[in-house]
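Good morning, and thank you for making the time. I shall go through the model on the screen, one region after another.

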Amino acid sequence: MGEAPSSSIPAHGETAMSHVGVIGLGIMGLAYARNLINAGFEVIGTDIEQSRLDQLEALGGHPVQSAGAVGDGSDVVLVALASVAAFSDMLSGEGGLLGASRPGLVVIEMGTLPLDTKVEALESLAQGGTDLLDAPVSGTGLQAESAEIVVYASGAPAALSKARPIFDAIAKATFDLGAFGNGSKMKFVANLLVSIHNLATAEAFTLGMKSGLAPEQILQVISAGVGSSKIFEIRGPMIVDDDYPAAAKLQMFLKDIDIIGNHARSLGVPTPLLDASLPLYRDAVERGLGELDAAALARLLEGRANLDR
């Protein structure tokens, strides 16, 4: 990641503010860092991309070069990584967080990962006295920026109590769901709905526009009635503008759908709508739409419908 940034990290005891670490400074992680800094926390962060470290420093945070360095300088660490591979490397790779595991440290895993991956991390960190919370969030990057996400927290009550002020700074609501793993289970339910609603929103707009209705009119009228959804109202304006800045990348849903589907199958639960959505997400990614917001499913369906607007 290049040379270590020059900004120094205040030592524990230099300030009454808690030291919070953020590992992964993508769309979500950088939003967490910004809101924590604005709330008065000292924020230490790391990422594999130097540009993201530079952004953290510009916000007033303290970039470091490894997850272990984040753990060494923090009371609580938020982890915002997109894949099992990235999470595993962060934990046990060179300079990993396991090397900083110590009594009293609380680590909060905030992503959508297979539950067994999080349970293994819980057990590994516990050997060094570190508590892990399973606390994925509901909300897009835009909602994270405005601290309007919802946290699905689960794990040890003492760790959750320590993390509560941090959640209050980055979210509009936090639910204590009890035993470790319940946060992920609730997130699977939420993202099953989001995945389906993304596609339903794109499908509805495509039908309306091919029928001759203006997209602005579709958004206004449907948002006022029972056919609407939070996703329709979040992603509808992007479809109206045919502009898809990534609040939640379309390709991310391929990973989430796979995780949710595996979990459902392990319980013997059928997921016919989720299963039906998967080929369309895959097709959209193969057509180069993966880095766009999930609302870009509309472009896929518009193409299939020979809709030229």
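I begin with Asn306, which is exposed at a relative accessible area of 68%; exposed means over 50%, buried under 20%, and partly exposed in between, with a 1.4 Å probe and protein chains only. Asn306 lies in the segment after helix H13, and its phi is positive, about 55 degrees, although the residue is not a glycine.

Some conventions are needed before I continue. This is a predicted model, in which local features need pLDDT of at least 70 and side-chain atom pairs count only at pLDDT 80 or more, while totals for chains, interfaces and linings use all residues. Residues are numbered from 1 along each chain as its sequence is written, and side-chain values use heavy atoms, with hydrogens and water left out. Helices (H or I, at least four residues) and strands (E, at least two) are DSSP runs numbered from the N terminus.

I turn now to the sheets. Six strands make up an open sheet with parallel pairing, in the order E3-E2-E1-E4-E5-E6; two strands pair if DSSP finds at least two bridges between them. Strand E3 (62–63) and E6 are at the edges with a single partner strand each, so one side of each has no neighbour in the sheet. Within this sheet, strand E1 (residues 19–23) and strand E2 (residues 42–46) are joined in the parallel sense over five bridges, and His19 has Glu42 of E2 as its bridge partner.

Two helices deserve mention here. Helix H2 (residues 50–59) packs on the sheet, where H2 touches E2 and E3 and makes about 170 degrees with the direction of E2. Contact means heavy atoms within 4.5 Å, and the angles, from 0 to 180 degrees, are taken between N-to-C directions of lines fitted to C-alpha atoms, for helices over the stretch in contact. H1 lies across E1, E2 and strand E4 (76–79), at about 165 degrees to E1.

How far does helix H1 (residues 27–38) reach from its first C-alpha to its last? The span of its twelve residues is 17 Å, close to the expected 16 Å, where the expectation is 1.5 Å times one less than the number of residues. Its buried residues include Leu30, Ala31, Tyr32 and Leu36. Just after H1, Gly40 adopts a positive phi of about 100 degrees.

At the other end of the sheet order, strand E5 (residues 106–109) and strand E6 (residues 131–134) pair in the parallel sense over four bridges, with Leu132 in E6 as the bridge partner of Val107. Together with helix H5 (residues 115–126), E5 and E6 make a right-handed β-α-β unit; right-handed means that, with the strands pointing away from the viewer, the path from the first strand over the helix to the second runs clockwise. Thr117 belongs to H5. Is Thr117 buried or exposed? It is buried, at a relative accessible area of 13%, and it touches Val84 and Phe87, not counting residues up to four places away in sequence.

There is also an open sheet of three strands, ordered E7-E8-E9 with mixed pairing. Its edge strands are strand E7 (137–138) and strand E9 (171–176), each pairing on one side only. Strand E8 (residues 149–153) and E9 are paired in the parallel sense over five bridges, and Tyr152 stands opposite Phe175 in E9. Helix H7 (residues 157–170) packs on this sheet, touching E8 and E9, and its direction makes about 155 degrees with that of E9. H8 lies across E7 and E8, at about 135 degrees to E8. Ala147, in the loop between helix H6 (141–145) and E8, has a positive phi of about 55 degrees although it is not a glycine.
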